[in-house]
Structures are given as structure tokens and as C-alpha cells.
Amino acid sequence: MASEPPIIDIHTHVYPSSYISLLRSRVTVPYLLNPSEKGASPRLIILPSDDDPSLLPGSRGRPIDPSYTDIGVKLKFMSDHRITASVISLANPWLDFLPPTEGLKWAHMINDELESTCSRHQGKLWAFATLPLSASPSDIVTEIDRLRSLPHSRGIIMGTTGLSNGLDDPNLDSIWAALEESKLLVFLHPHYGLPAPLYGPRASEYSHVLPLSLGFPMETTIAFTRMWLSGVFDRYPELKLLIAHSGGTIPFLAGRIDSCVQHERHFPEHTDENGIKSRGPKRSLDQVLSNNIWLDAVVYSETGVKAAVEKVGQERVLFGTDHPFFPPLDEGAEKWASVETNLNAVTSAQDKAGSRAILGANAIELLGLEINPREGGG
Ligand code: URA
Ligand code: ZN
């Protein structure tokens, strides 16, 4: 019988023990809260809205169980969902909140811990490392350079705030240059959502729904658009960016973004080598989307997968789960509905070859993964 084609999960998080100790040592967001009720799990307070004093401690944030920290639990989850290999990344909010002098030390420790976890599970685990973004650009570049010595490191995960002024900040140039040179994939992931007033005075009644379903995707859409508008991809044409949650709303809004640019008198017109006139960045939005951008398939719908494929191409869309977030609310369930929804979205949006590509082959090729053939080499 032919072996099953590989499934690679490129969007799957962990909080390594060093990071958990950091969260435990804190009392402001992000931190771990121990509810006073006997036997209650600690609560993970990471989103600004998680720290709502109007809620009892036992209902703030979310309960943190071993799926966030224990690699054995992730490996069991992978086997339950036929996932051949995973590229694990630290979950939000990474190291954004640290004082500048602390960043490099923690990045070093966390990236080494991820590397050691991956090396204990050869052929099954790789990592996206984390950067000390609150530190000086030279510390950040030092860590990027050091990542070359970590054999399982295939890229870095980062949020949208950059050095605190967002991803269109010219002070990021030495970092983009180092990332481009190192060929590491940049996994752009949201954390901050939209300003709280947009969620309205009844936001707490809707818990995480508005920030996660709408705040997160808009945050990444705006962050990427600012990068493009400020010419990051003109200056660093080889930079490779994987955008979480199928690019937020980029596939749907790319036409509108470009149209707004082409109707903006404030941008001078320029002419390309083929004599085509346009405004805005030298490299057009479509050029950037089809050369620099990869999108994950964590979008939970056939329409979303089709839009992602239509915008960046089938070979640039990669399966992910967002584990350990979105677990089944029914604790006994072995299969996660969030994962099955994403799997079915891919297989119903694509033919067999397209599904194979998105589910695993694209990630293997892009990240140079050498998976264990017994685990599915197809
Ligand atoms: N919630 C988070 O805070 N992070 C994720 O990656 C997904 C859900
Ligand atoms: Zn995620």
C-alpha cells in the first residue's frame, strides 16, 4: 500500500520551560495567574483584554495545560492528526515586553531550548526561533547570525510591533538585511489585535471572539501593508515572509489596497523597465505577493484557502494548526475540530496534487526539511 503523503504543520506553538519561568515571575501582562480555587489550572494572561479586573481570576485569559508546554503532548497531537513533522515556534507575545538589556539573554535561552527539543526528535521537529526585539538592533542581528549554528532553525517568528514603531520603521533595516542574507523565513504573527474601543463596551461578553477572529487578521494585514508601502521589499527583494492566518485579509483586500495607492496623488508616479507607469513602491503589490510572500492555510474555510491560492499561488500556501490554541471544548475528543476544519478546507479547495502541495510538499521544499521516510514520504 502506498504510504500517505506527508502532512507538515508550520503553525504550531510551544511555551518552553524557560519562557514559562519568565511568565511565572511576572505580575503584569503577560503572566501566569494562579486562581485561588483549589485544583484550578493556572491561567495564561497574554492578551491585553485577558487582564480584565471585572472577571474572577478563574475566568480570565485561558487555562494553561500541558499542551502548551509538554512536547510529548504535541507529539501525541501530531500522531492523532497524522502530522508527519512540525515547525514549532514560541507563542505570542514572544519577547516584546522585556527590558532592552534582558532580550538577548532570553532569546538565546529559548532558541537553545527549542533547538535541543528538535534535536531529540530528528525528522519530526524543526523550529522558528524568536528575536529579542526590545533589545538594540545590534543585539538582534547578533542573534540572527547565531541562528545559523542551530541546525533545526528554519526561520524566525515575530509580531507586528518591530522595535516598537511597527514594521515600516527604517531602524529595522539592519534586521531585514540580516534576515534576507541569512535566508531565514520570517513568520509574521499577530498578538495585539485592534484598539480595544473598536470592540465596544460589551467586548467582555464576547470573550476572545472579536480580538482573535477580526483583530488578529487586521493587525497582520496592516503590518504587511505598512512594510510594502514603506519600500521594505524594494530594499530587501529577497526577504521571505510567511503571513499567519492566510495573510489576515490581504488576499481579499489586495485590490483595494493597490487601488488606493494608484489614486493617491501624494505618491509620485514612476515608470518601470517595461514603460508601465504606477505609484507607490517600485515593486508592485502583486509582484511582492508572488515573490516574497507565503501564507499559511489556517483560515478554516474553503473560500479562504481558494483566496490565498489565487493571490500567492498554490506552491506558496502551507498547512498549519495553531496548536495548542483552539482545542476542542469537549475534553475527551481525540481529533480537534479546528484542525479537521483546516484539513477539509484544503482538500475541498484543491485537487489531489494541490492538497499534497499545501499539506506538506510546499513546506518540505521551502524549508529544506528531511523528514523520516517511514513517517510519510509519499
Ligand atoms: N490565540 C493566541 O493568543 N495566539 C494564537 O496563536 C492563537 C490564538
Ligand atoms: Zn498562532
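Predicted model: local features only at pLDDT ≥ 70, side-chain atom pairs only at ≥ 80, totals over all residues.
**The zinc site**

Let's start with the metal. Four residues hold the zinc ion (ligand 2): His11, His13 and His189, each through NE2, plus Asp322 through OD, with distances of 2.1 to 2.2 Å. Read along the sequence, the donor spacing is H-x1-H-x175-H-x132-D. His11 sits in strand β1 (residues 8-14), while His189 is in the loop between β8 (185-188) and α6 (209-229), so this pair ties together parts that are 178 residues apart in sequence. His11 and His189 are both buried.

Around ligand 1 you'll find His13, Ile46, Arg62, Asn92, His189, Leu212, Phe216, Asp322, Phe325 and Phe326. By type, that shell splits into 5 nonpolar, 3 polar and 2 charged residues.

| Residue | Atom of ligand 1 | Distance |
|---|---|---|
| Arg62 | oxygen | 2.9 Å |
| Asn92 | nitrogen | 2.9 Å |
| Asp322 | oxygen | 3.0 Å |

Taken alone, ligand 1 would expose 230 Å², and the protein buries 100% of that.

**The sheet**

Now for the strands. An open sheet is built from 8 strands with parallel pairing, in the order β1-β5-β6-β7-β8-β9-β12-β13. Its edges are β1 and β13 (317-318), each of which pairs on one side only.

Two cis peptide bonds are worth a look on screen. One runs from Val29 to Pro30, with omega near 0 degrees, and Pro30 falls in the loop between α1 (17-24) and β2 (31-33). Another links His323 to Pro324, with omega near 5 degrees; Pro324 is in the loop between β13 and α12 (337-349).

Then there are positive phi values in residues other than glycine. His245 has phi near 50 degrees and belongs to helix α8 (residues 244-247). Its relative accessibility is 12%, so His245 counts as buried. Tyr300 has phi near 65 degrees and is placed in the loop between β12 and α11 (302-312). With 31% relative accessibility, Tyr300 counts as partly exposed.

Technical notes: Residues numbered from 1 in each chain as written. Chains lettered and ligands numbered in written order. Heavy atoms only, no water. Donors = N, O, S within 2.8 Å, 3.2 Å for Na, K, Ca; no water. Helix = DSSP H or I, 4+ residues; strand = E, 2+ residues; numbered from the N terminus. Buried < 20%, exposed > 50% of the residue type's maximum accessible area, 1.4 Å probe, protein only. Near = heavy atom within 4 Å. Polar contact = N/O pair within 3.5 Å; in protein donor to acceptor, adjacent residues only side chain to side chain. Areas by Shrake-Rupley, 256 points an atom, 1.4 Å probe, with all protein chains shown as cover. Nonpolar A, V, L, I, M, F, W, Y, C, P; charged D, E, K, R; others polar. Pairing = 2+ DSSP bridges.
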